[in-house]
Every structure is written in structure tokens, then in C-alpha cells.
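Visitor: I would like to know what stands behind the labels used for this model. Please walk me through them.

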Amino acid sequence: MTTRTRMNVYFDPELLAQVEALALRRQVSKSAIVEAAVASFLSGDASDRLEAAMSRRLDKIGREIHALDEDLAVLGETVSLFVNIWLASTPTLPESAQAAARAKGAERFEVFMQMLGKRLATGDGFLKELSRDVDSLRDSPAQEQFEADDGEA
């Protein structure tokens, strides 16, 4: 049988109420709650648990950053490809047609901004749509035919 030594301590009334409530819920004595808390505080493994939790959080953040980096690379390549194709296929306009083209461009830009605002508001972004499209292409008969034709060449 272990001997116990009595010790008088002072608690903030709110903290004491929390200790009493926990003791009632767990059906243990207040002394057992306080003893476990002090033992946990004094043990060295508390810092190890904290370090492990921090490490898990940092790993999760690292994976999220990696995913964002991949998304950003896809977006960069997409914009680059679009601009390259657009610049290669857009003819220069004669001086007389430039004013009308600017007006039409401003009108199209306004429509573009409205569409962009709607897409951002719904949260259904380009990359989600792209991944759905790619997944559906993988399962399509046209993709199977393309892979079969590519294998014959």
C-alpha cells in the first residue's frame, strides 16, 4: 500500500469547479485528477507529445503546399499555352477596325469578369473541372481507341 502525503493548494474558483466537474464525470477523486495533472506536467513526454503533434501538423501543411504548387504549375502552363496559341492565331487589324475591336474587347472582358465572379463564388474551379474532364476522358472509348492507335505506330 502506498503512502500519500497531504498537501494544501489554492485554486482559482473557476478552475476548482472544472476539476470537480471532471471528477464527477469520471467518477474519480479530485486528488486523482490533480495528481494526474501534476504528473503529466512534470513528465518529459509532454514535450514529446507536443513535438509529435507539431510535426504532424507541419507534415500536413507541407503536403497542402505541395498540392498548391502543383495546381499553380497547371494554371501557369494553361495560361502560357492559351496566350501562345492566341498570339499565334490572332491577325493584326487595320487602323479602321481597331476602335470597334477595342469596344468588342471591353464588352467581352466584362462578360469574362462576370463569369469569373460566378465561378469563384460557386467554388467550382478550373482545376476541379479539369480533373473531372481528364477522368472522364480516361474512361471514354475515344481514349481507348487513341491508345490503341498510338500503340500501332
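Guide: From the N terminus on, the chain's elements run α-α-α-α-α-α. The model is predicted. The chain has 6 helices and 0 strands.

Visitor: How are α1 and α2 placed against each other?

Guide: Helix α1 covers residues 13–26, and helix α2 covers residues 30–42. They pack at an angle of about 110°, with their axes 8 Å apart.

Visitor: Why is α1 called roughly perpendicular to α2?

Guide: Angles of 65 to 115 degrees count as roughly perpendicular. The angle here is about 110°, so α1 is roughly perpendicular to α2. The crossing of α1 past α2 is right-handed.

Visitor: What makes Gln27 count as exposed?

Guide: Exposed means over 50% relative accessible area. Gln27 has 72% relative accessibility, so it counts as exposed. Gln27 lies in the loop between α1 and α2.

Visitor: What is the phi of Gln27?

Guide: Gln27 has a positive phi of about 55°, although it is not a glycine. Most residues other than glycine have a negative phi.

Visitor: Which residues make the nonpolar surface patch with Leu16?

Guide: Met7, Val9, Phe11 and Leu15 make the patch with Leu16. The patch is about 440 Å².

Visitor: How much of the chain is buried?

Guide: Buried means under 20% relative accessible area. Buried residues make up 3% of the 153 residues. The chain exposes about 13900 Å², and carbon and sulfur atoms supply 61% of that area.

Notes. Residues are numbered from 1 along each chain as its sequence is written. This is a predicted model: local features need pLDDT of at least 70, side-chain atom pairs count only at pLDDT 80 or more; totals for chains, interfaces and linings use all residues. Side-chain values use heavy atoms; hydrogens and water are left out. Patches are made of residues with over 30% relative accessible area and no salt bridge: like charges are joined within 9 Å, nonpolar side chains (Val, Leu, Ile, Met, Phe, Trp, Tyr) within 5 Å. Accessible areas come from the Shrake-Rupley method with a 1.4 Å probe; for residues, only the protein chains shown count as cover. A salt bridge is a side-chain nitrogen of Lys or Arg within 4 Å of a carboxyl oxygen of Asp or Glu. Helices (H or I, at least four residues) and strands (E, at least two) are DSSP runs, numbered from the N terminus. Axes are lines fitted to C-alpha atoms, for helices over the stretch in contact, and angles run from 0 to 180 degrees between N-to-C directions. Angles under 35 degrees count as roughly parallel, over 145 as roughly antiparallel, 65 to 115 as roughly perpendicular and the rest as oblique. A crossing is left-handed if the near helix is turned anticlockwise from the far one by less than a right angle, and right-handed if clockwise. Buried means under 20% relative accessible area, exposed over 50%, partly exposed in between (1.4 Å probe, protein chains only).
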